[in-house]
Amino acid sequence: MASVMLSGAESLKPIRAIAPSGIGSAGSDFPKRFSSQKGLVCYTRNPRTRTIAPKCSLSSSRPVSQPRFIQHKQEAFWFYRFLSIVYDHIINPGHWTEDMRDEALEPADLYDRKMTVVDVGGGTGFTTLGIVKHVDAKNVTILDQSPHQLAKAKEKEPLKECRIIEGDAEDLPFPTDYADRYISAGSIEYWPDPQRGIREAYRVLKIGGKACIIGPVYPTFWLSRFFADLWMLFPKEEEYIEWFRKAGFKNVQIKRIGPKWYRGVRRHGLIMGCSVTGEKPFTGDSPLQLGPKVEDVKKPVNKFVFLSRLILGAIAGAYFVLIPIYMWLKDKIVPKGWPI
Ligand SMILES: C[S@@+](CC[C@H](N)C(=O)[O-])C[C@H]1O[C@@H](n2cnc3c(N)ncnc32)[C@H](O)[C@@H]1O
């Protein structure tokens, strides 16, 4: 497993751009020239820092607000009604391996078994299994809007002592200043309002607490982009950083992750392509004020529109099941090693 780090670059000096290769590659979309500006992102390899400028889009741009077929709570709910049956055994191995999980959780800095941790969108508990290696299960809460996913988590022996609850990532049932760590893996892409979810992450953390959100990266290749846009939210790296900063987080960092056989995380995108962390600098609520939540999982829907969206979204999602299989076969036939 390989990874590279990006960070929100409050403290970074400008800038000599170096186009990365391999998993960190921005491919043809990587700009050739940059200028020094506020709001840099930083690119590092093996902690020697290389920096790139803010306007550099590490992936192509598209509005966050554009419609996607599975980025509503009920669609996600029904999607996981069926996916939960095969999630751990068929879906995960293609894009979310144990190695990747451990790499992705490393910036969350789970150094004390007594830490209070919430795993939001915790699903079947695959990521929680990585968390309880470092933290006592009795201090960990798994929250998800899908009872079907949570039922799988309840069956797992190492998670027996975890608190397992149904809830909404955009409206967490925890008090302000509650947890030492907020973890969420592979869930942000289904949140209709990701900024609201990240604001909640900030609120529920104690001062000095860290949020770690693991999520997809937006592809640069046109066909992959087409299916990504149909399916769900594939944020750009700059968007993650922006959401974290707006919520009030400091020391925002992005670590790029991916399965070792997968070539072109930035080109084709990946459902688990980066781990974003930020630290809460003050006690209390987020400085970001938002209006009321717009969506609820129990909101009534037009059944025909809903079903069409669910089917089209699931078809688009299948592309991202096939791509890792293709990458795996390609690596078997033409092994290239890890191109970092
Ligand atoms: C890809 S799974 C990830 C599960 C787990 N974190 C893992 O690493 O395997 C995404 C999970 O997010 C949950 N989810 C989607 N939208 C949610 C929301 N608004 N609130 C809580 N959970 C949500 C889904 O039910 C699903 O279990």
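Which residue in S5 is the bridge partner of Val117? Hold that thought for a moment while I do the housekeeping. What we have here is a predicted model, so to speak of local features I need pLDDT of at least 70, and side-chain atom pairs count only at pLDDT 80 or more, while totals for chains, interfaces and linings use all residues. Residues are numbered from 1 along each chain as its sequence is written.

Okay, the overview. The protein chain has nine helices and 10 strands; those are DSSP runs numbered from the N terminus, with helices being H or I of at least four residues and strands E of at least two. Out of 340 residues, 50% count as buried, meaning 20 or more other C-beta atoms lie within 10 Å of the residue's own, with 12 or fewer called exposed, anything in between partly exposed, and C-beta atoms placed from the backbone. Looking at contacts with a separation of 6 or more, 74% of them are between residues 24 or more positions apart. A contact here is two C-beta atoms, placed from the backbone, within 7 Å.

Back to my opening. The partner is Val140. Strand S4, residues 117-120, runs parallel to S5, and four bridges join them; DSSP has to find at least two bridges before we call strands paired.

Right-handed means that, with the strands pointing away from the viewer, the path from the first strand over the helix to the second runs clockwise. From S5 the chain then goes through helix H4, residues 147-154, to S6, in another β-α-β crossover that is right-handed.

Now S5 itself, residues 140-144: five of its five residues are buried, so the rest of the structure largely encloses it. Val140, Ile142 and Asp144 point one way, Thr141 and Leu143 the other, and all are buried. Side chains in a regular strand alternate between the two faces of the sheet.

Val117 also stands opposite Arg181 in S7. Three bridges join S4 to S7, and the two run parallel. S7, residues 179-185, has seven of seven residues buried, so this strand too is largely enclosed. Arg181 in turn stands opposite Lys210 in S8, and six bridges hold the S7 and S8 (residues 205-217) pairing, again parallel. S7, H5 and S8 make a right-handed β-α-β unit.

Sitting in H5 (residues 194-204) is Val204. Val204 counts as buried because it has 22 C-beta neighbours inside 10 Å. Leaving aside neighbours within four places in sequence, its contacts include Val118, Leu172 and Tyr182.

Last stop, two helices. The axes of H1 (residues 73-95) and H9 (residues 303-333) come within 11 Å and cross at roughly 10°, which means H1 is roughly parallel to H9. Those axes are lines fitted to C-alpha atoms over the stretch in contact, with angles from 0 to 180 degrees between N-to-C directions; under 35 degrees is roughly parallel, over 145 roughly antiparallel, 65 to 115 roughly perpendicular and the rest oblique. Among the residues making the contact are Trp78 and Phe79 of H1 and Phe306 and Leu310 of H9.
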